[in-house]
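Please look over the fold shown here and work through its core, its sheet and a few single residues.

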Amino acid sequence: MTLRWTMLAAFLACAGCEKADEHHPDVTSLPQVMAGYAKFEAAWQKEDLDGAMALFLPTAVVIDPVPPGRFVGTDAIRGWIEGSFQALDDISITTTDLRMHIAGPAAWHTAHYVFEARQGSQPVRFEGDFTMNWLRMEDLNWRIAVFHASHVPPPVEAPAKSP
């Protein structure tokens, strides 16, 4: 199931939840956090640096398997995203197995991703899992506090059998 279908299912599942318990922030926040992630994915696919940066807290931390791998604060994160956008074209992200949890002003979700792009004329493909931690601000907008991705290593070809 792609992220878009997962988001639709989550929205439909929670559409009646607000009426069931209007004061339960965990239930009513789910569509907002899902929308935040959709903005993150769209910003990467459109190579929208400002759109991506608007989602991060000033003190956010990104941990990515591509060296140098750890980026703390918006200046470092901006450099990571900008460098990615300069190096890659035609970015596509497919997300499956999305699991989200919300407790008051904190939310976290995990998912499996396939990140595909072109670097020059060469295709680039990474597959793995990620976790995002979000915090709800006083203005009720959700911002990314931590983004951690890890790649699944490519399959290793078995050695040819000897006759």
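**Core, sheet and selected residues**

Q: Which residues touch the most other members of the largest nonpolar core?
A: The largest nonpolar core has 40 residues. A nonpolar core is a set of buried Ala, Val, Leu, Ile, Met, Phe, Trp, Tyr and Cys residues joined through side-chain atoms within 4.5 Å; buried means under 20% relative accessible area, exposed over 50%, and partly exposed in between (1.4 Å probe, protein chains only). The members that touch the most others are Phe40, Trp44, Ile77, Ile81 and Phe147.

Q: Which element gives the most to this core?
A: At least two core residues come from each of α3 (25-46), α4 (49-53), β1 (56-63), α5 (73-87), β3 (89-103), β4 (106-119), β5 (122-136) and β6 (142-151). Helices (H or I, at least four residues) and strands (E, at least two) are DSSP runs, numbered from the N terminus. With seven residues, the element that gives the most is α3.

Q: What is the basis of the model and its numbering?
A: This is a predicted model, in which local features need pLDDT of at least 70 and side-chain atom pairs count only at pLDDT 80 or more, while totals for chains, interfaces and linings use all residues. Residues are numbered from 1 along each chain as its sequence is written, and side-chain values use heavy atoms, with hydrogens and water left out.

Q: Which residues is tryptophan 44 in contact with, leaving aside neighbours within four places in sequence?
A: Contact means heavy atoms within 4.5 Å. With those neighbours left aside, the partners of tryptophan 44 are Trp80, Ile81, Ser84, Phe85, Ile91, Ile93 and Phe115.

Q: Which residue is the bridge partner of aspartate 129 in β6?
A: β5 and β6 are antiparallel and pair over nine bridges. In β6, the partner of aspartate 129 is serine 150.

Q: Is histidine 109 buried or exposed?
A: Histidine 109 belongs to strand β4. Its contacts beyond four places in sequence include Tyr37, Leu98, Phe130 and Trp134. The relative accessible area of histidine 109 is 0%, so histidine 109 is buried.

Q: Which side chain makes a polar contact with the side chain of histidine 109?
A: A polar contact is a pair of N or O atoms within 3.5 Å; within protein, one must be able to donate a hydrogen and the other to accept it, and residues adjacent in sequence count only if both atoms are side-chain atoms. At 3.3 Å, the partner is the side chain of tryptophan 134.

Q: What is the phi of aspartate 97?
A: Most residues other than glycine have a negative phi. Aspartate 97 is found in strand β3 and is partly exposed, with a relative accessible area of 47%. Its phi is positive, near 55 degrees.

Terms used: Two strands pair if DSSP finds at least two bridges between them.
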